[in-house]
Amino acid sequence: MPLSRRALAAAAVAALVLPLGACGSSDDVGGSTDASGKVEGDITFQTWNLRANFKPYFEGVIAEFEKQYPGTRVKWIDQPAEGYADKISADAAGGTLPDVVNVSPDLVAPLAQAGLALDLDKAAAKYRKEYLEGAWAGHRIPGMTGTYAFPWYLNTGPLFYNKSLFEEAGLDPDQPPRTYDELFADALRMAKESDGEVATLANVPTIEDFGRYGVPLMNKEGTAFTFNDPKGVELLTQYKELYDVKALDPQALTATPESSGKKFLTEAVAMNPGSALDLGNFKKQAPNLYRNIGITDQITSTGHVNMYVMGVMVNARTKRTPAAVAFAHYVTDAERQMSFAKQVAIFPSTAGSLDDPYFTEQDGTDETRVRVAAAKSLKNAVNYTPVQFSEQMKTELRNEVAKALQGKESPQEALDNAVKACGRLLAQQG
């Protein structure tokens, strides 16, 4: 089942906690990969639309860092939310890239390929064990060796399901599907028992679904997409079967997270991703649904759910490598991540943090119900979305999937066409 980056990120952090960056003293082509020297000197820490909501937090982190490392000074600059990716590109082209930059995997990829992101497997390998394995791997680039950002905050989302609809279909409301095979079997039964009135899903498969199904998405070199292989065709064929019997909502081809949420709210759909904010909405607008709500993990046939990860990158050409690496690590260490996670609905990427009672113990609130469920699944989660998979590529895949579901193309033809279109876009990136 699709769990869109947009839906999860919007629900959890709205537009408040998007990438952090730093701009500063890196206008030459020098820089050192040796982070073992004395931590000293000035670096600039630039954030994106964070000052209004988290000023005390970041000022505190900076003050603590400067106290721990006398002789350092971190200058914090906050930028507007709009155009952040464009700013990164302009800074990279102009030789003014920040010393420390918070990036998503898709933002770090071109920087790493241009030699502007420090390889932390070489410069900061001693810190690797402090982070979840899947999170540390989140900023690796296919076709390259190395890791190019410290993992920072994570996000994921459990699935909500309607226990009453499961029971009416003769399914065990306490045993929701966990794999795609189980999901497809339950969905077909629910459609049959409801005469097509109740769909199980409201969204078409995304690249994350292909990943969670076990489809190889790219070759090892990162030069070609491969999700049109037999297993990918198998997944899309299954979705076509669901669509034909209305086990997949007929409006799924044009669905948005908002429209899918409304379908679930009105009990026309049995399963949907969501957040604690949705639980509060159900309680007010659909008390019957709220009384029958179930929470389960994402559907996956690999044993690993999908995570969305943000990271903190060090500019490979910074003049202050020891200070930049130390600060990037400091911002993302367990203590700072845990503190930040209690201010906004995100999850720490540091090993052991998800065992904290804050992420394991219920207190009766809806927010905690979702937080505990999501945290449990994150310990061995992975980021399935290839770092090169752009928004344009997502649109190409969605369009071809729609053609397959409508019977305009076979699943094989649709995925072949999607791979070709995405390949052309990939070539343009290079």
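**View 1. Lys231 and Glu234 are three residues apart in helix H10 (residues 230–244), so about one helical turn separates them.** Helices (H or I, at least four residues) and strands (E, at least two) are DSSP runs, numbered from the N terminus. Lys231 and Glu234 form a salt bridge, with the closest N and O atoms 4.0 Å apart. A salt bridge here is a side-chain nitrogen of Lys or Arg within 4 Å of a carboxyl oxygen of Asp or Glu. Lys231 is partly exposed at 33% relative accessibility. Glu234 is partly exposed too, with a relative accessible area of 38%. Buried means under 20% relative accessible area, exposed over 50%, and partly exposed in between (1.4 Å probe, protein chains only). The model is predicted: local features need pLDDT of at least 70, side-chain atom pairs count only at pLDDT 80 or more, and totals for chains, interfaces and linings use all residues. Residues are numbered from 1 along each chain as its sequence is written, and side-chain values use heavy atoms, with hydrogens and water left out.

**View 2. Arg73 and Asp42 meet through their side chains in a salt bridge.** The N to O distance is 3.3 Å. Arg73 belongs to strand E3 (residues 72–79) and Asp42 to strand E2 (residues 41–48), so the pair ties together parts that are 31 residues apart in sequence. Arg73 is partly exposed, at 45% relative accessible area. Asp42 is partly exposed as well, at 39% relative accessibility. The salt-bridge count for the model comes to 16.

**View 3. Asp333 and Arg336 form a salt bridge.** Their closest N and O atoms are 2.6 Å apart. Asp333 is buried, with a relative accessible area of 11%. Arg336 is buried too, at 8%. Salt bridges with shared partners link Glu64, Asp333, Glu335 and Arg336 into one network.

**View 4. Asn315 sits in the loop between strand E9 (308–314) and helix H14 (321–332).** Asn315 is buried, with a relative accessible area of 1%. Its side chain reaches the backbone oxygen of Pro98 at 3.3 Å. A polar contact is a pair of N or O atoms within 3.5 Å; within protein, one must be able to donate a hydrogen and the other to accept it, and residues adjacent in sequence count only if both atoms are side-chain atoms.

**View 5. Strands E7, E6 and E8 form an open, antiparallel sheet in the order E7-E6-E8.** Strand E7 (271–273) and strand E8 (293–296) stand at the edges with a single partner strand each, so one side of each has no neighbour in the sheet. Neighbouring strands are turned by 30° against each other on average, direction ignored. Axes are lines fitted to C-alpha atoms, for helices over the stretch in contact, and angles run from 0 to 180 degrees between N-to-C directions. Strand E6 (residues 159–162) is joined to E7 by three bridges. Two strands pair if DSSP finds at least two bridges between them. Leu159 stands opposite Pro273 in E7.

**View 6. Asp195 has a positive phi of about 55°, although it is not a glycine.** Asp195 lies in the loop between helix H8 (180–193) and helix H9 (207–213). Asp195 is exposed, at 68% relative accessibility.

**View 7. Glu267 has a positive phi of about 65° and is not a glycine.** Glu267 is found in the loop between helix H11 (257–265) and E7. Glu267 is partly exposed, with a relative accessible area of 23%.
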